[in-house]
Amino acid sequence: MHPVPGQPAPDFNLFSSEKIRVSLYEQRGENVLLLFYPQAFSSVCTAELCNVRDNLTLYNQLDARVFAISVDSVYTLAKFKADQRLNFTLLSDFNKETSAAYGVLMESFSFDMRGVSMRAAFVIDRMGIVKYAEVLENVKEQPDFEAINKTLEGLP
């Protein structure tokens, strides 16, 4: 079961594509947009994260830190980030613990792959409380960025 609005967001402690450990707890005092996606370099994931890249100024204006999480290795994420010129933090959930804690671990994906993250979005406020949660069953769909932005606009 994934966290719903009003619940505390599960903490995580993951390595970024720059090999720096990042925790949600360290983000207290900041609003956070947390995006889970199935796999680096796949077409929908690339389109989604490039959309975020192209709109990062908006998220900065809304005072939100953006983190994108997949089960890819830090090395894969570093290459993906460089190739797509992504300007926000990519986090590796290689051990799948964070995806499981957020209830977004997929049993099966394309080509008989198991244990990748579902596409999901969570807005977490400065106190670590979930304010928006969207988990997509269809990996070809993207999160509702209009609803995400409206939620972020309403946060102090």
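Thr151 sits in helix H5, which spans residues 145-153. Helices here are DSSP runs of H or I with at least four residues, strands are runs of E with at least two, and both are numbered from the N terminus. The structure is a predicted model, in which local features need pLDDT of at least 70, side-chain atom pairs count only at pLDDT 80 or more, and totals for chains, interfaces and linings use all residues. Residues are numbered from 1 along each chain as its sequence is written, and side-chain values use heavy atoms, with hydrogens and water left out.

Thr151 has a relative accessible area of 19% and therefore counts as buried. The classes are buried (under 20% relative accessible area), exposed (over 50%) and partly exposed (in between), with a 1.4 Å probe and protein chains only. Residues up to four places away in sequence set aside, Thr151 touches Val123, Lys131 and Tyr132. Contact means heavy atoms within 4.5 Å.

Cys45 is listed by UniProt under "active site", in an unreviewed entry. UniProt positions follow the numbering used here, feature names are shortened, and annotations may be inferred rather than shown by experiment. Cys45 belongs to helix H1, residues 43-54. Its relative accessible area is 0%, so Cys45 is buried. Beyond its neighbours within four places in sequence, Cys45 contacts Tyr37, Pro38, Gln39 and Arg119.

Pro8 lies in the segment before strand S1 (13-16). Pro8 counts as exposed because its relative accessibility is 58%. Its contacts, neighbours within four places in sequence left aside, are Pro3, Gly128, Ile129 and Val130. Pro8 and Ala101 are 93 residues apart in sequence, and their C-alpha atoms are 12 Å apart in space.

The protein as a whole has 5 helices and 9 strands. From the N terminus, the order of elements is β-β-β-α-α-β-α-β-α-β-β-β-β-α. Along the principal axes, the C-alpha atoms fill a box of roughly 45 × 35 × 30 Å. Of the 156 residues, 50% count as buried. Among contacts between residues at least 6 apart in sequence, 63% join residues at least 24 apart.
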